[in-house]
Amino acid sequence: MGIRIRKTAKYLPKRIVPNSEFETFLDTSDQWISERTGIKKRHFSSKEEDTSQIALMACEALGLTEEEKEKIDAIFVATFTPDIVAPSIAASLQAPLGLQEELFAIDFNMGCSGYVAGLHLAEAFLKNKRMALVLGAEVISKVLDMHDRTTAVIFADGAGVTLVEKNEDAIYFDEGTRSNLKDIYVPGIQVDVPLGALSMQGKNVFRFASRTLPDSMERTLAKAGIRGEDVSHIVCHQANSRIIEHVAKKAGLPISRFFMNIDRMGNTSSASLPIALDDMVKNNQIKPGQWVMLMGFGAGFSWVTALFKW
Ligand code: COA
């Protein structure tokens with residue numbers, strides 16, 4: 001048994017921030033950001049927009065039918081930037097979306113691996129159920145120190161959602177965790193200390209990702225008994241175009257197999273993969289029956305890879 005992605009949708013905040021905007025208050029340049037990360041612009045939410053709202057907007061864009069609403073048994077929301085600690089964003093979605101109350105609704109945090117982790121959870125949950133919403137939603141701009149050029153130019157806001165249902169085809173996963181509490185870090189609520197900004201040791205993260213992803217890809221392909229050449233679309237978390245290029249080279253696969261939208265999205269963490277899938281679907285890039293590999297990685301350190309037929 002496996003799962004099938006039935007529908008995709010996204011919501012991107014209206015405000016688009018080009019690299020040139022950072023040049024006005026940071027010691028940086030459009031050229032440095034483009035060359036070192038692949039990012040040219042990104043979306044930042046307005047003061048009023050929070051993670052719950054953009055998650056809801058993304059879900060509304062799915063255009064759920066009455067039949068689908070009745071069949072949704074779970075909501076999995078991946079986020080490390082929830083606007084409130086409790087209740088969960090997942091719980092807040094039930095009534096506005098008109099979903100039935102016999103619903104398992106949960107938020108979880110697995111950094112940028114969150115969306116693929118959500119598919120993993122959905123696959124386990126749906127064994128005896130029908131459909132689930134799997135989301136990644138982040139308003140990272142609100143935990144950025146805009147005067148830290150090593151993080152401000154990289155992260156971005158957005159929400160992506162998929163409606164998944166169970167099917168007969170297998171889905172293959174590879175996952176891992178390696179305790180690292182300093183290389184990507186966002187302080188939580190501490191007595192008398194306001195919420196602090198995200199900090200990142202970019203070089204260490206780069207090293208972790210470029211060593212871990214090729215190994216995870218190999219293990220996942222072995223589980224499915226197929227070769228890299230058989231996979232039509234490899235969609236890596238959009239963290240840095242140079243990481244993706246490295247993975248392609250290590251795997252000996254053409255870069256054209258690797259989807260990229262980081263140039264216009266930046267790094268939206270858990271939202272990056274469902275946003276990427278929605279872009280691919282809207283551009284008619286994925287065809288039924290094609291093998292698709294999703295690779296999430298990030299804070300923790302953590303990684304989750306999924307391989308399945310579209
Ligand atoms: N503009 C201009 N210069 C910058 C800069 C910016 N926005 N950010 C950093 N620099 C400078 C550094 O201060 C450093 O200067 P120095 O040599 O005088 O000390 C120089 O550029 C090189 O910094 P370094 O950190 O070695 O750059 P890098 O090539 O590793 O690129 C990242 C930095 C963050 C782009 C890169 O490490 C990266 O993408 N890492 C992975 C991050 C990631 O994937 N995070 C999300 C995981 S989910």
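**Exercise 1. Work out why the largest pocket lies between domain 1 (2-167) and domain 2 (171-309).**

*Step 1.* Look at which parts of the chain supply the lining. Domain 1 (2-167) and domain 2 (171-309) both give residues to the lining of the largest pocket, so this pocket lies between them. The domain bounds come from an automatic or database domain assignment.

*Step 2.* Be clear about what a pocket is. On a 1 Å grid over the protein atoms alone, a pocket is an open set of points with protein on both sides within 12 Å along at least five of seven lines, while a cavity is a set of points where a 1.4 Å probe fits but cannot get out; lining residues have an atom within 4 Å of a point.

*Step 3.* Keep the source of the model in mind. This is a predicted model, in which local features need pLDDT of at least 70, side-chain atom pairs count only at pLDDT 80 or more, and totals for chains, interfaces and linings use all residues. Residues are numbered from 1 along each chain as its sequence is written, and side-chain values use heavy atoms, with hydrogens and water left out.

*Step 4.* Now describe the pocket. Its volume is about 730 Å³, where a volume is the space filled by probe spheres set on the points, and grid points are joined across faces, edges and corners. Of the 31 lining residues, Phe80, Thr81, Pro82, Asn109 and Val186 lie nearest the centre. The elements giving two or more residues to this lining are β8 (172-180), β9 (184-185) and β13. Helices (H or I, at least four residues) and strands (E, at least two) are DSSP runs, numbered from the N terminus.

*Step 5.* Sort the lining by class: 18 residues are nonpolar, 10 polar and three charged. Here Ala, Val, Leu, Ile, Met, Phe, Trp, Tyr, Cys and Pro count as nonpolar, Asp, Glu, Lys and Arg as charged, and the others, Gly among them, as polar.

**Exercise 2. Describe the second largest pocket and find which element gives the largest share of its lining.**

*Step 1.* Start with the space: about 540 Å³ lies in this pocket.

*Step 2.* Find the centre. The lining has 24 residues, and Ile154, Met200, Gly202, Lys203 and Asn240 lie nearest the centre.

*Step 3.* List the elements. Two or more residues come from each of α2 (30-37), α7 (149-152), α8, α9 and β12. The largest share, four residues, comes from α8.

*Step 4.* At least three of its residues come from each of domain 1 (2-167) and domain 2 (171-309).

**Exercise 3. Compare Ser269 and Asn284: is each one buried or exposed?**

*Step 1.* Check the backbone. Phi of Ser269 is near 55°, a positive value in a residue other than glycine. Phi of Asn284 is near 55° as well.

*Step 2.* Ser269 is in the loop between α10 (262-265) and α11 (272-282), and Asn284 is in the loop between α11 and β12.

*Step 3.* Apply the cut-offs: buried means under 20% relative accessible area, exposed over 50%, and partly exposed in between (1.4 Å probe, protein chains only). Ser269, at 1%, is buried, whereas Asn284, at 58%, counts as exposed.
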